[in-house]
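Me: I have a model open and would like to go through it with you, a few places at a time. Could you keep the cut-offs in view as we go?

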Amino acid sequence: MAWSATLGFAASERSITATARSALQRLADRGLLRLVERPVELADPGTAWAALRTGGSTAERQAARQLRADNDRRLAAAFAELDLIATPTTPNPPHGHHGPGARMSVALTWAFNLSGHPAVSLPAGLTPDGEPVGLQLVGRHGGEGLLLAVAAQHEAA
C-alpha cells in the first residue's frame, strides 16, 4: 500500500493529513497492511469532473476524456505494484451547514469516481480541533474484497 496526502494536486490541510496518516500507520502497526514508498500522482481531475457533470463543450468533453485516460494509465501503473492506495478522504475539515464554499471536499475522491476504482472511507480519528477525519483506501478494479476485509479488521480492532 502507498500513501498520498495530495495525489499530486489537492491542497490537503496539515491536521487532516496528519490524522489520516496516523490511522494508516496504526493499520500497518497491527499488521493489516504493509506500507511502501511509492509516489502516486494524478492530474487534477477537476475540469474533467465539471465537464462530465455539466455536459461541457465538445472541446471540454474531449479534454476530459484525455485527462481521464492519462489518470487511468497512471493508476494502472500504480496498481501494477500496489494492492491499495491510501489518502485522506477529504483534504480539509468538514464544512458547516452553510455548505463548502470554495472548499473542494471531493478533490481526493472524484479521481476514483471517474476511474471506477473501488474505495472505502474509514474513521481515522479527530484533528486537534475535534473535527472528524476519514482515511480513504482505494483498490484495484475488482478489489472490493480486500477493501472490505481491511475495513472489517479495522472495525474489529
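Me: Is alanine 11 buried or exposed?

Reply: Alanine 11 is exposed, with a relative accessible area of 71%, where buried means under 20% relative accessible area, exposed over 50% and partly exposed in between, with a 1.4 Å probe and protein chains only. This is a predicted model, in which local features need pLDDT of at least 70 and side-chain atom pairs count only at pLDDT 80 or more, while totals for chains, interfaces and linings use all residues. Residues are numbered from 1 along each chain as its sequence is written, and side-chain values use heavy atoms, with hydrogens and water left out.

Me: Where is alanine 11 placed?

Reply: Alanine 11 sits in the loop between β1 (2-3) and α1; helices (H or I, at least four residues) and strands (E, at least two) are DSSP runs numbered from the N terminus. The C-alpha atoms of alanine 11 and threonine 90 are separated by 9.9 Å, although the two are 79 residues apart along the chain.

Me: And threonine 127, buried or exposed?

Reply: Threonine 127 is buried, with a relative accessible area of 5%, and is found in the loop between β3 and β4. Leaving aside neighbours within four places in sequence, threonine 127 is in contact with Ser15, Ile16, Thr19 and Val133, contact meaning heavy atoms within 4.5 Å.

Me: Switching to helices, which residues of α5 are buried?

Reply: In α5, Leu147, Val150, Ala151 and His154 are buried. Seen down the axis of α5, the buried residues fall within an arc of 100°, so they line one face of the helix; the arc is that of the directions from the helix axis to the C-beta atoms. An α-helix has 3.6 residues a turn, so residues three or four places apart point the same way.

Me: What covers that side, and which exposed residues are on the face turned away?

Reply: The cover over the buried residues of α5 includes α1 (14-29), β2 (84-88), β3 (119-126) and β4 (132-139), whereas the face turned away from the buried side carries the exposed residues Gly145, Leu148 and Ala156.

Me: What span should α5 have?

Reply: The 13 residues of α5 (residues 144-156) should span 18 Å at 1.5 Å a residue, and its end C-alpha atoms are 18 Å apart, which agrees. The expected span is 1.5 Å times one less than the number of residues. For α3, with 24 residues, the reach from first C-alpha to last is 35 Å, close to the 34 Å expected.

Me: How do α2 and α3 pack?

Reply: Helix α2 (residues 46-54) and helix α3 (residues 58-81) pack at an angle of about 135°, with their axes 8 Å apart. Axes are lines fitted to C-alpha atoms, for helices over the stretch in contact, and angles run from 0 to 180 degrees between N-to-C directions. The two helices are therefore oblique to each other, given that angles under 35 degrees count as roughly parallel, over 145 as roughly antiparallel, 65 to 115 as roughly perpendicular and the rest as oblique.

Me: Which residues meet there?

Reply: Thr47, Ala48, Ala51 and Leu52 in α2 meet Glu60, Ala64, Leu67 and Arg68 in α3. Ala48 and Ala51 are among the buried residues of α2, and those of α3 include Ala64 and Leu67.

Me: What else do the buried residues of α3 pack against?

Reply: Besides α2, the buried residues of α3 pack against β2, α4 (110-115) and β4.
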